[in-house]
Amino acid sequence: MSGCETMEKLAMKRVDDFRLRLGKQELVPIVVGGMGVDISTAELALEAARLGGIGHISDAMVPTVSDRRFNTKYVKNKLRQYKFNVANTEKAVVQFDLGLLVEATALHVGRTMEAKRGDGLVFINCMEKLTMNAPRETLRARLKAALDSGIDGITLAAGLHLGSFALIEDHPRFRDVKLGIIVSSLRALQLFLKKSARTGRLPDYVVIEGPLAGGHLGFGMDWAKYDLASIVIEIRDWMKAEHLDIPLIPAGGIFTGTDAVTFMEMGAAAVQVATRFTVSNECGLPEDVQQEYFKAGETDIEVNTISPTGYPMRMLKNSPAIGSGIRPNCEAFGYLLDSTGSCQYIEAYNREVALHPDAKKVKVMDKTCLCTHMRNFECWTCGHYTYRLKDTTRRNEDGSYRLLSAEHIFHDYQFSTDNKVALPD
Ligand SMILES: Cc1cc2nc3c(=O)[nH]c(=O)nc-3n(C[C@H](O)[C@H](O)[C@H](O)COP(=O)(O)O)c2cc1C
């Protein structure tokens, strides 16, 4: 067959020609990736599951999300408890109550799982970088609570997770729940497998996230030198040589069904996608922010280093979080406090205050208070192809872009051919 014919054949294939096998289950090979802080809502994850794929909720700032979803008062009560420390530059004293953290996670996960319909699965995206002033204990509490509350699977994200399997190896569900890891390089995967080998359990799937993804990136500021397909091939070939058979799920910049098919033909078991769903009705972003995503052009998106996690992050350049010099809000939030109770934003903020002692408000350009700004949907993190979202819908009479149903987007990935994107009726 000529190269041209091969391309034509590929263009006519659909994602629906493939299935993801996870244990005994057969799924539509579309995974909607986790988008913290409640951007990938329970509603969005539940739609992906109803349609036979996999959806993710996120465990980022769950007490905060629970307050919004269930009208609990975790944040208010924590702020009340630590109010005495608000003006203090040191935040080490601010601790999470593990019992309450478990309670909030149980609510978020439990209610989501109760609402699940259909043959798909709901997983939780669990970020190691949410160090919460006690990295091991808070991570263990979150993982255990998610397992206790019936989550179908846990995707370990934002970190190498070298000790995460060990944290839950004694849990009765450790061997049946689906466990996966997100990596951006073969080396990260090798390290994870080596460190987790002692638990006698392999991951059930590996998400390979390339440099075009949204959220934090597993690359340095030289991200543009890497490409997803090469990393997938490197990992696929290494796994073959090692006789390892773990489903591989590429992510980052897979914008059309045909993009997805290209990866499936390469040996991927499924694809993980997110950006297209940021403009769905079920997504947690407020509609005015979703319109910003639609409006964005290619040059309106940047990868910067303002996240205090130390990972580069992609976002819209007009995100209100950029340059904002608000007082650190750790007494209410504090999700990024490291094991010594510090955060790069606190250091940056304190530096600016010391430099401008008479200023009523300071500007902090190099870091941002990510907890507060993610909570308020003011850090508009997005994937590289956000500038193509406008081509996936129609415009309303007032010039705004029409939001899409998650079902429409999911089916477009599942059934479209020839690099086409179906517009809504
Ligand atoms: C708005 C947004 C927020 C995200 N937040 C997270 C997150 O909290 N944790 C994570 O592991 N990945 C996060 N991601 C990455 C996605 O889960 C997914 O792997 C990736 O964006 C897929 O690429 P695509 O957006 O080009 O489809 C986020 C992506 C977006 C677009």
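Predicted model: local features only at pLDDT ≥ 70, side-chain atom pairs only at ≥ 80, totals over all residues.

Me: What makes the protein chain agree with a compact globule?
Reply: The rule for 425 residues puts the radius of gyration near 22 Å, and the chain has 21 Å, so the two agree. Its C-alpha atoms fill a box of roughly 70 × 55 × 40 Å along the principal axes. Of the contacts with a separation of 6 or more, 75% link residues 24 or more positions apart.

Me: Which residues have the most contacts inside the largest nonpolar core?
Reply: Ile 208, Ile 249 and Val 271, in a core of 126 residues. A contact needs C-beta atoms within 7 Å, and Ile 249 meets that with Val 31, Tyr 205, Val 206, Val 207, Ile 208, Ala 268, Ala 269, Ala 270, Val 271 and Gln 272, leaving aside neighbours within four places in sequence. As a general matter, nonpolar side chains tend to be buried together in soluble globular proteins.

Me: Why are strand 9 and strand 12 said to stand at the edges of their sheet?
Reply: The sheet is open, with 3 strands in the order 9-13-12 and antiparallel pairing. Strand 9 (215-216) and strand 12 (301-304) each have a single partner strand, so one side of each is left without a neighbour in the sheet.

Me: How do you know that strand 12 and strand 13 pair?
Reply: Pairing takes at least two bridges, and strand 12 and strand 13 (residues 313-316) have 4, in the antiparallel sense. One to look up is Glu 302, whose bridge partner in strand 13 is Met 315.

Me: What are the buried residues of helix 14, and what do they pack against?
Reply: Buried calls for 20 or more other C-beta atoms within 10 Å, and in helix 14 (residues 406-415) the buried residues are Ala 406, Ile 409, Phe 410, Asp 412, Tyr 413 and Gln 414. They pack against strand 3 (30-32), helix 2 (42-50), helix 10 (257-265) and strand 11.

Methods
Residues numbered from 1 in each chain as written. Core = buried A, V, L, I, M, F, W, Y, C linked by C-beta atoms within 7 Å. Buried ≥ 20, exposed ≤ 12 C-beta atoms within 10 Å, placed from the backbone. Contact = placed C-beta atoms within 7 Å. Helix = DSSP H or I, 4+ residues; strand = E, 2+ residues; numbered from the N terminus. Rg over C-alpha atoms; globule rule 2.2 N^0.38 Å.
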